[in-house]
Amino acid sequence: MEAAVPEFAAVVRERFGAYRHHVLATLRADGAPRLTGLEADFRRGELWLGMMTGSRKVLDLRRDPRFALHANPGGGTDLAGGDVRVAGRAVEVTDPGLRARYAAAVKPPEPFHLFRARLTEVVRTSVEPPFMKLEIWRPDRPLRTLRRTSEDPELLEGPERPTSEGSGGFEAP
């Protein structure tokens, strides 16, 4: 992402850097999502995920490396700096030299597990009145920007139609 869209990457790094703790989503063995706290770290143009030895999130990522990470939104509801989430695959780092360099720089509680994130999607949502602005980056595509309102025709006439009862107030197409 750094090379492809450096300005967007800087905004994403800044958003994650505003707070120390973020929310990681992994997949449990039964396929259900697991949400846990995590300290994410951007170094040398990459996203690194450090975790406590034996944690459930480590076991989840070893079984299925797919993850999503949501930047801590902070206090209030103004979405200052936007709302950022990334998704991808976590690759466990086992190289002793790389782990030692990371530990020297970050000083995580030891022992620890270290994963390098291979990003497959980065999304930043922000408010640009009267629009909700979405910036979406994927490795195989250019950065896309969408501006939406709750009155967009495709949202009002989408495949889900309101019902008076049933599953969650919506019926499937």
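Predicted model: local features only at pLDDT ≥ 70, side-chain atom pairs only at ≥ 80, totals over all residues.

Author: Residues are numbered from 1 along each chain as its sequence is written, and side-chain values use heavy atoms, with hydrogens and water left out.

Reader: Why is R44 called exposed?

Author: Exposed means over 50% relative accessible area, buried under 20%, and partly exposed in between, with a 1.4 Å probe and protein chains only. R44 has 63% relative accessibility, so R44 counts as exposed. K107 is also exposed, at 64%.

Reader: What makes the phi of R44 and of K107 worth a remark?

Author: Most residues other than glycine have a negative phi. R44, in the loop between β2 and β3, has a positive phi near 50 degrees and is not a glycine. K107, in the loop between α3 and β6, has a positive phi of about 60 degrees and is not a glycine either. Helices (H or I, at least four residues) and strands (E, at least two) are DSSP runs, numbered from the N terminus.

Reader: Which peptide bonds are cis?

Author: Most peptide bonds are trans. The bond from E110 to P111 is cis, with omega near -5 degrees, and P111 sits in the loop between α3 and β6. The bond from P129 to P130 is cis too, with omega near 5 degrees; P130 is in the loop between β6 and β7 (131-137).

Reader: How do you know that the buried residues of α3 are on the same side?

Author: In α3 (residues 96-106), the buried residues are L98, Y102 and A103. They span an arc of only 135 degrees around the axis, which means that they lie on the same side of α3. That arc is taken from the directions from the helix axis to the C-beta atoms. P96 and A104, on the other side of α3, are exposed. Among the elements that cover the buried residues are β2, β3 and β6.

Reader: What makes D95 a cap of α3?

Author: A side-chain oxygen of D95 lies 3.3 Å from the backbone nitrogen of G97, at the N-terminal end of α3. A polar contact is a pair of N or O atoms within 3.5 Å; within protein, one must be able to donate a hydrogen and the other to accept it, and residues adjacent in sequence count only if both atoms are side-chain atoms. At 3.3 Å, the D95 pair is therefore inside the limit.

Reader: What is meant by a nonpolar core, and which residues touch the most other members of the largest one?

Author: A nonpolar core is a set of buried Ala, Val, Leu, Ile, Met, Phe, Trp, Tyr and Cys residues joined through side-chain atoms within 4.5 Å. The largest has 26 residues, and F67 and L69 touch the most other members. Apart from it lies another core, of seven residues, including V93, L98, F112 and L114. Contact means heavy atoms within 4.5 Å. Leaving aside neighbours within four places in sequence, F67 has contacts that include L24, L49, L61, V86 and L119.
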